[in-house]
Every structure is written in structure tokens, then in C-alpha cells.
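Subject: Structure handover

Hi,

Here is the structure I promised you. Please open it alongside this note, and my findings follow below.

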Amino acid sequence: MTKRNGEKGAGLKGAVFCAYAFVLFDACAGHQQSAVDPAGPQSGKIAVLWWFFFGLLTTIFLIVMVFTLLTLTRRGHRSGQEPLNASHLPPGADEKELTRIVAAATIATVLILFVLLIASVSTGKSISELGDKKNGMVIEVTGNQWWWHVRYWNDDPSQMLVTANEIHIPTGRPVMIRGMSQDVIHSFWVPNLHGKRDLIPSRVTTEWIEADQPGIYRGQCAEYCGLQHAHMALWVIAEPQAKFDSWMKHQLRPASPPGGPTGERGKQIFLNSACIYCHSIRGTAAGGQTGPDLTHFGSRRSIAAGTLPNTIGNLGGWITDPQGIKPGTHMATIPVSSEDLQPLLEYIEGLK
Ligand code: CUA
């Protein structure tokens, strides 16, 4: 391996390490991703069901283990004294008594399964009754290999916002997620807010979510959808209505590129590159639809659907070697000269 290749390999390892560290950091610190730490009414009901299953099944497991140990120790005491053809019945038991015990255990098992079934169905039913069907907000989420297209539905088309990989919602207000897929089956899952919901090509699936308290909740595609399934994350940012409104107002504005000659040069480089065939930046001639909308890219937390933190250095790595960071990604490698790269990065990161 040449020195240059060796350096590239080390750079790649660094980027991959950074990606895993980012996922780990996000999962462990501050940003929640837990089904047993509910932040909304839907996940609250799921958590109650989860703890009920856990408690009941743990009790059954312990009872079975106690009886198993008792039987083993009793058999241990008896071994050595039995003739080879001895009956396997416990001492003092007869065939009829054993039949009764097995029958009772079977009935108990069926009853317990029935209780679990009723608990599960009634939780599902009470979750489906949640959500304000009339005044709720509607957000369309479309799964793509491997990122999330997000569109805030509004009867007035000029108020319809398109963004990617990050969903802002107001707290205390029901939000309907209309799930769709552009390619294969994905699954929308934000554990702190709700269970999993498949996104199926040519079909619309819906679910209501609601956040009781402000927070940043990590979501993850929960259906294997190809090579980069694990790098298909998203964030739901729940904030008070007033803060959400000002976020929405800002996001609806066209891009406001950074001032100065570098920003302007970066914009020209972007508009003259192949980037515009896939990406949109509202307020410019870039109108591609196959990749994430970049209008306010600089305001987002991550690059490539949760693969890397959104920093200028990571964006440089992502643009110059997308396959090294996310092998199999449909992001094209666009040749950018070293003089052009810095203004381009400053322009895209400046789209706050
Ligand atoms: Cu999309 Cu897994």
C-alpha cells in the first residue's frame, strides 16, 4: 500500500470511528432514545404494557427456575439408590396426579397468554384513540435509502415546509405522522414517543405522536432496508409552541446565504456543480428532488441522517468521500478542487 493510500485508509478509519462515537454519544448522553423513558401519552401506555409483561414474565421465569432447582436437588439426593429400571415418577406420586398437574399447568399457561393478549390489544386500542383527529398537525415522513424526507402539511401550499432528517414539533399538541416510502420498506421509530410504524412503498400509514415535555428524541429506522440501515437516524425536537412557531417561520424563509465574497463564491460553485441535480436550496436555481433539501442545512444537528455531527470538517469529508463514510450511499462523489472546497463548505454550513 502506498503512503497516500495508507493516509486515506487512516482518514477513513477516523471518519468511521467518529460516526460510531457519534451514535454512541448520542445514545448515551443527553439525547434520549429509550422506550421505557416515555415523553408522550402513546409511549407512556407502551411503557406500562412493557413493565407489565416484564413483571409477569419475570415472576413466571423465577417460579420455573425454583421448581427446576428443587427437582434437580431432589433427584441428586436419590441418585445412586435407584435401580436402573426405576419409575421416573416423584416419590409418592402416581400417574393420575401427574396428569392433573400437567393439565393445571396447561390451563394456567393458556390463561396467562390470554391475559397478555388482552393487555396488548387494549393498549393498542387506547393508543389508537389518542390524538386530536380534527386539530392535529400533519407531517409527512418519507423513508429513502438512507435518509428521511420531511414535509409539514398545510392547506396553503406556500406554508408547506420541506426539510430532512429532523422533525420539530410543538409540545402538548398531537401530530399525525403520515408515513410513506420512496423505495423499500422502512420503519419510523422514535422510542420515547411511540412504537414502530412501517413505511411501505405505494401505501400511506399513519400514527399520532405527542410530546409532553420539551426534549430531543432520537429516532431510528427499525426495519432492515439495506447496507446503511443502521445509519438512518433522525431527531424529533419537541419545543414549546411559541418556539416552534418561530422555528417554522424561519424555516419557511428562502435560504439566507452567509454574506461576504467567500459565501457568494461558494454559492456560485454550488450552483455550477452537479449538486443541484439532487438537492434543492429554496431561493436559488437548485431544485433537485432526489436528495435532502438543503435550504437551512446549517441549522441541522447531523450530516447524512445521523452519521456525523454537523461540522464544517465533517461536511468536507462527506462531500469529498461519501462512500468512505457511508458505503453504498446514493450521494454522488462530485469532484471539487481544493480551492473550491472551502468556499463551498462555508456556503452550505452558512445556510442556517
Ligand atoms: Cu430504512 Cu432501515
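Helix 6 gives the most to the lining of the second largest pocket, with three residues. Helices (H or I, at least four residues) and strands (E, at least two) are DSSP runs, numbered from the N terminus. A pocket here is an open set of points on a 1 Å grid over the protein atoms alone, with protein on both sides within 12 Å along at least five of seven lines. A lining residue has an atom within 4 Å of a point.

Before the rest, a caution: this is a predicted model, where local features need pLDDT of at least 70, side-chain atom pairs count only at pLDDT 80 or more, and totals for chains, interfaces and linings use all residues. Residues are numbered from 1 along each chain as its sequence is written, and side-chain values use heavy atoms, with hydrogens and water left out.

**The second largest pocket**

This pocket holds about 650 Å³ of space. Grid points are joined across faces, edges and corners, and a volume is the space filled by probe spheres set on the points. The lining counts 35 residues, and those closest to the pocket centre are His279, Gly291, Pro292, Trp318 and Met331. Strand 11 (302–303), helix 6 (312–320) and helix 8 (338–349) are the elements that give two or more residues to the lining. By class, the lining has 21 nonpolar, 11 polar and three charged residues. Ala, Val, Leu, Ile, Met, Phe, Trp, Tyr, Cys and Pro count as nonpolar, Asp, Glu, Lys and Arg as charged, and the others, Gly among them, as polar. Domain 1 (137–251) and domain 2 (254–349) each supply at least three residues to this lining. Those domain bounds come from an automatic or database domain assignment.

**The cavity**

How many cavities of 30 Å³ or more does a search of the whole structure find? It finds one. A cavity is a set of grid points where a 1.4 Å probe fits but cannot get out. The largest cavity has a volume of about 30 Å³. Its lining is Thr163, Glu166, His168, Trp247, Gln251, Ser299 and Arg300. Strand 4 (166–170) and helix 4 are the elements that give two or more residues to that lining. One lining residue is nonpolar, four are polar and two are charged.

Five strands make an open sheet with mixed pairing, in the order 3-2-1-5-8. Two strands pair if DSSP finds at least two bridges between them. Strand 3 (161–164) and strand 8 (205–209) are the edges, and each pairs on one side only. Neighbouring strands are turned by 25 degrees against each other on average, direction ignored. Axes are lines fitted to C-alpha atoms, for helices over the stretch in contact, and angles run from 0 to 180 degrees between N-to-C directions.

Strand 1 (residues 137–144) pairs with strand 5 (residues 175–181) in the parallel sense, over seven bridges. There, Ile139 stands opposite Ile177. Helix 4 (residues 241–252) packs on this sheet and touches strand 1, strand 2 (147–152) and strand 3. Contact means heavy atoms within 4.5 Å. The helix direction makes about 95 degrees with that of strand 3.

Strand 1 and strand 2 run antiparallel, joined by six bridges. They form a hairpin with two residues between them. Thr142 stands opposite His149 in strand 2. His149 also has Ala164 as its bridge partner in strand 3. Strand 2 and strand 3 pair antiparallel over four bridges.

Look at the loop between strand 1 and strand 2, where Trp146 sits. A cis peptide bond joins Gln145 and Trp146, with omega about -5 degrees.

Strand 4 and strand 10 (residues 233–239) pair in the parallel sense over five bridges. Pro170 has Glu239 in strand 10 as its bridge partner.

Best wishes
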